[in-house]
Amino acid sequence: MKSLFTSAAVLVLATTAFAADPAPADLRASALEIFKPLPSTTPAVTNNPITPDKIALGKALFFDPRISASGVFSCNSCHNLGTGGDDNLETSIGHGWQKGPRNSPTVFNAVFNSAQFWDGRADDLAAQAKGPVQAGVEMANTPDQVVATLKSMPDYVSWFRASFPGEEDPVTFDNFAKAIEAFEATLITPAPFDAFLNGDDNAMTADQQKGLALFIDKGCSSCHAGINLGGEGYFPFGLIEKPGADVLPENDKGRFAVTATADDSYVFRAAPLRNVAMTAPYFHSGKVWDLKQAVGIMGVSQLGEDINDAEADLIVAFLGTLTGKVPEVTYPILPAETGTTPRPSGEVIAK
């Protein structure tokens, strides 16, 4: 792999030269052609009207570890709302302390992604919510067991009836997923970058604005665009120069596993960058812990150029403006088990 940064002598000159350049006067206008600010209200989701009852039910389900076969893991285990919406691990730990294959993406603002998971195999958050529950390496449960668990607790039955009125049997696996989707749609984190896009000249420092200009000029925004600065398109990791196995494991071919198309080998959904300063480690492999290093790797691998030290610092400064205000979430008091609640099991099924 090419060197990520230039020599110290060149860095001094580059730092001095770039520091003297003011941010472009039309930077906001240019940014608004590429990015969109977060909305001020909870977005609507397809075929799933969002109501206060459904949000409250989804929050309880998000935090309830009894959704897992072992009774240990909840959605919040891998998407911790107190640590950036992920688990800050290289790859997540699941059922029977098995290690998962990929880094856990943040759940914050995930409602704006065009598809979920690194390979885009889930069309929406409801579909995504069903995946980890049934994955043997994650929650290792079954839809029938989830429904039996929920129906065993009268409070959950009442909450499902309130959330899905008019349904004869509202406690279903589909409705379980829809409730979680409704809650996750509220997990929006407005950031200084949004204030800047909305007209606040003081929302970003001069260096942060220079970093934004570089982010656009270098071509980073070609993949990391839109409301979530990513999460919309699929691109080869190693478009120009394929990273080494220490960053891109050879046994994970990304979207190829979904489409079985050779052109999709090592293709992944562009990572959404909101709150990226809080969600180390980086990439689907979780092999890189330093954001500045990640910027350098992307420069070489995706853009075909070395991003020098001064430029990397400015881009990282811009990325810091994507750290948003996390919604206040009170930990829910969950229903108590009954005599008919399925008992937890730590058995790992052999593959």
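Which residue's side chain does Lys-287 meet in a salt bridge? The partner is Glu-90, at 2.9 Å from N to O; a salt bridge here is a side-chain nitrogen of Lys or Arg within 4 Å of a carboxyl oxygen of Asp or Glu. Keep in mind that this is a predicted model, where local features need pLDDT of at least 70 and side-chain atom pairs count only at pLDDT 80 or more, while totals for chains, interfaces and linings use all residues. Residues are numbered from 1 along each chain as its sequence is written, and side-chain values use heavy atoms, with hydrogens and water left out.

**Confidence**

- The chain's average pLDDT (the predictor's confidence in each residue, from 0 to 100) is 92, and 93% of the residues score at least 70.
- Residues 1-20 are another story, with pLDDT below 50. In the model, that stretch still has 34 contacts (heavy atoms within 4.5 Å) beyond near neighbours in sequence.

**Nonpolar cores**

- The largest nonpolar core has 37 residues, and Phe-35, Phe-193, Leu-212, Phe-215, Phe-318 and Leu-319 touch the most other members. By nonpolar core we mean a set of buried Ala, Val, Leu, Ile, Met, Phe, Trp, Tyr and Cys residues joined through side-chain atoms within 4.5 Å. Buried means under 20% relative accessible area, exposed over 50%, and partly exposed in between (1.4 Å probe, protein chains only).
- At least two residues of this core come from each of helix H2 (27-32), helix H9 (192-197), helix H10 (206-217), helix H12 (291-303) and helix H13 (309-320). Helices (H or I, at least four residues) and strands (E, at least two) are DSSP runs, numbered from the N terminus.
- Phe-318 has contacts with Phe-193, Met-204, Gln-208, Gly-211, Leu-212, Phe-215 and Leu-229, once neighbours within four places in sequence are set aside.
- There's also a second, separate core of 30 residues, which includes Leu-61, Ala-126, Phe-160 and Leu-187.
- As background, nonpolar side chains tend to be buried together in soluble globular proteins.

**A nonpolar patch on the surface**

- Val-72, Leu-89, Ile-93 and Trp-97 make up a nonpolar surface patch, together showing about 380 Å² of accessible area. Patches take residues with over 30% relative accessible area and no salt bridge; like charges are joined within 9 Å, nonpolar side chains (Val, Leu, Ile, Met, Phe, Trp, Tyr) within 5 Å. The areas come from the Shrake-Rupley method with a 1.4 Å probe, and for residues only the protein chains shown count as cover.
- Val-72 sits in the loop between helix H3 (52-63) and helix H4 (75-78), and its 43% relative accessibility makes it partly exposed.

**Salt bridges**

- The structure has 15 salt bridges.
- Back to the opening pair: Lys-287 is in the loop between strand E2 (267-269) and H12, and Glu-90 is in the loop between H4 and helix H5 (125-134), so the bridge ties together parts that are 197 residues apart in sequence. Lys-287 is partly exposed at 37% relative accessibility, and Glu-90 is partly exposed at 24%.
- Arg-66 pairs with Glu-337, with the closest N and O atoms 3.4 Å apart. Arg-66 is in the loop between H3 and H4 and Glu-337 in the segment after H13, so this pair ties together parts that are 271 residues apart in sequence. Arg-66 is buried at 15% relative accessible area, whereas Glu-337 is partly exposed at 49%.
- Asp-119 and Arg-102 bridge with their closest N and O atoms 3.0 Å apart. Asp-119 is buried at 4% relative accessible area, and Arg-102 is buried at 17%.
- Arg-102 and Asp-119 also belong to a network of salt bridges that links them with Arg-121 and Asp-252.

**A buried aspartate**

- Asp-194, in helix H9, counts as buried at 4% relative accessibility.
- Leaving out residues up to four places away in sequence, Asp-194 touches Lys-36, Pro-37, Leu-38, Thr-189 and Arg-274.

**Backbone points to check**

- Most residues other than glycine have a negative phi, and most peptide bonds are trans.
- Ala-280 and Pro-281 are joined by a cis peptide bond, with omega about 5°; Pro-281 is in the loop between E2 and H12.
- Phe-283 lies in the loop between E2 and H12 and has a positive phi of about 75°. Phe-283 is buried, at 12% relative accessibility.
- Ala-140 has a positive phi of about 60°. Ala-140 is in the loop between H5 and helix H6 (143-151) and is partly exposed, at 26% relative accessible area.
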